[in-house]
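The sequence and structure come first.

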Amino acid sequence: MKVYSDIDGLTFAAMKGLMLHEATEHGLPVLDNSADSLRIQSEYGVFGIVDRGSNAIRIEVEADGPSNLHVLREGLVDHIIHFLPDLTQQIAWSDTVQEGLRPPNFQFAEVIAAERLCPSFQRLTLCLSKPEGFNDRAIHFRFVLPHQGNTDPEWPTLTANGSTRWPTGDKALHRPVYTLRAQRGAEIDVDVFVHEGGQASDWAIQVRPGTQVAVIGPGGGGVIDASDVVLAGDETAYPAISRIIESLADDVSGRVILLNHDMRKDYPLPQHPGLSVQTVGPDAFVTAVCAAASACTDGYVWIAAEAEQVKLLRKANAIEKHPKSARYLATYWTRVASESD
Ligand SMILES: Cc1cc2nc3c(=O)[nH]c(=O)nc-3n(C[C@H](O)[C@H](O)[C@H](O)COP(=O)(O)OP(=O)(O)OC[C@H]3O[C@@H](n4cnc5c(N)ncnc54)[C@H](O)[C@@H]3O)c2cc1C
């Protein structure tokens with residue numbers, strides 16, 4: 001499915017500059033970069049612009065389903081509005097967005113099982129009402145949780161320009177990202193790392209089967225195409241690392257470096273014949289990842305952890321010199337200092 005919106009008062013050159021910058025930042029392939037059109041591939045589909053002359057452009061979005069189309073459309077709209085808020089009213093899509101409806105990537109799921117997988121992880125099994133779109137290349141989603149005391153939540157709705165209107169103030173919704181550890185049709189397993197003070201973590205350890213929960217997704221990630229890999233992450237990344245390991249062919253080799261804050265080795269990571277696994281504490285993580293990355297010059301380096309660790313790794317020589325197209329660094333959570341710190 002493909003939709004477009006014509007926009008006046010925005011030059012092709014200006015918008016092209018913005019979009020090419022974005023493509024470079026995120027390593028997205030440019031499918032067409034000609035005098036009057038630009039098309040960029042993303043994990044959700046293709047987005048682009050066409051020059052209509054005299055300070056006028058057409059923005060276009062093409063995806064294989066309503067959920068991906070919405071994510072792409074929303075991303076493009078948010079970008080344009082961020083730089084040129086005056087254009088908000090002008091964006092009118094060819095398929096006419098049904099203002100007030102739920103976003104296509106929003107759904108309710110039912111908790112069908114909740115049990116302690118190991119001391120630091122609670123496994124939830126959910127039954128999705130709309131499992132389409134979740135697969136090996138789309139393994140992340142967000143829980144959409146009302147804050148404590150909000151017994152009458154307002155759920156997100158679409159705006160006329162295709163973006164999502166989220167409730168604010170007391171009605172604001174908490175939206176932490178999680179990974180589908182496993183999928184069996186509409187049934188998914190989610191492994192929640194149990195940590196102090198976490199709204200999702202607290203919810204996960206007390207939720208009972210039969211509870212309905214709102215989720216939004218899927219988001220990307222999951223498959224790595226390389227014969228040598230480094231997979232490195234803290235507890236929050238164990239489910240994603242597990243999912244990636246399961247997608248690797250048997251002849252892939254490499255190293256898995258698990259940061260564990262308590263030096264626990266109880267998370268059931270899948271076995272792989274070509275991967276060695278090392279568990280380290282927070283102080284040894286950066287050094288261990290850099291050593292592994294230095295020995296993996298032609299391979300893929302995948303890293304996900306707390307913001308400070310990722311920041312240190314981003315600046316590390318061994319990671320900086322690794323080709324951008326063969327590395328992934330993601331902040332999975334950010335430590336908020338408590339008053340006693
Ligand atoms: C792509 C992606 C995939 C993810 N997949 C998973 C997953 O499968 N399983 C999983 O458990 N997490 C996963 N995470 C991490 C998860 O989103 C965060 O840990 C999130 O903050 C947890 O939400 P919360 O409501 O429990 O805590 P919040 O309410 O967001 O935070 C409350 C407090 O807890 C602290 N906190 C948050 N996370 C941690 C932590 N890991 N250890 C210690 N303190 C913490 C915060 O600093 C804050 O002080 C993923 C993140 C991303 C970006």
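## The largest cavity

Sorted by class, the lining of the largest cavity holds 3 nonpolar, 1 polar and 4 charged residues. In this sorting Ala, Val, Leu, Ile, Met, Phe, Trp, Tyr, Cys and Pro are nonpolar, Asp, Glu, Lys and Arg are charged, and the others, Gly among them, are polar. The lining is made up of Lys2, Arg39, Val46, Phe47, Gly48, Glu60, Val61 and Glu62. Strand E4 (45–51) and strand E5 (56–62) each supply at least two residues of it; helices (H or I, at least four residues) and strands (E, at least two) are DSSP runs, numbered from the N terminus.

The model is predicted: local features need pLDDT of at least 70, side-chain atom pairs count only at pLDDT 80 or more, and totals for chains, interfaces and linings use all residues. Residues are numbered from 1 along each chain as its sequence is written, and side-chain values use heavy atoms, with hydrogens and water left out.

The volume of the largest cavity is about 40 Å³, and the count is 1 cavity of 30 Å³ or more. On a 1 Å grid over the protein atoms alone, a cavity is a set of points where a 1.4 Å probe fits but cannot get out, while a pocket is an open set with protein on both sides within 12 Å along at least five of seven lines; lining residues have an atom within 4 Å of a point. Points are joined across faces, edges and corners, and a volume is the space filled by probe spheres set on them.

## The second largest pocket

The second largest pocket contains about 280 Å³ of space. Its lining has 13 residues, with Pro146, His147, Gln148, Gln199 and Trp203 nearest its centre. Strand E8 (140–146), H3 and strand E15 (212–219) give two or more residues each to this lining. By class there are 7 nonpolar, 6 polar and no charged residues.

## The ligand site

A backbone N or O atom of valine 177 is 2.7 Å from a ligand oxygen atom. In the side chain of threonine 179, an N or O atom lies 2.8 Å from a ligand nitrogen atom.

## Backbone details

The peptide bond from glycine 217 to proline 218 is cis, with omega near 5°; proline 218 is in strand E15. Asparagine 55, in the loop between E4 and E5, has a positive phi near 55°.

Key. Polar contact = N/O pair within 3.5 Å; in protein donor to acceptor, adjacent residues only side chain to side chain.
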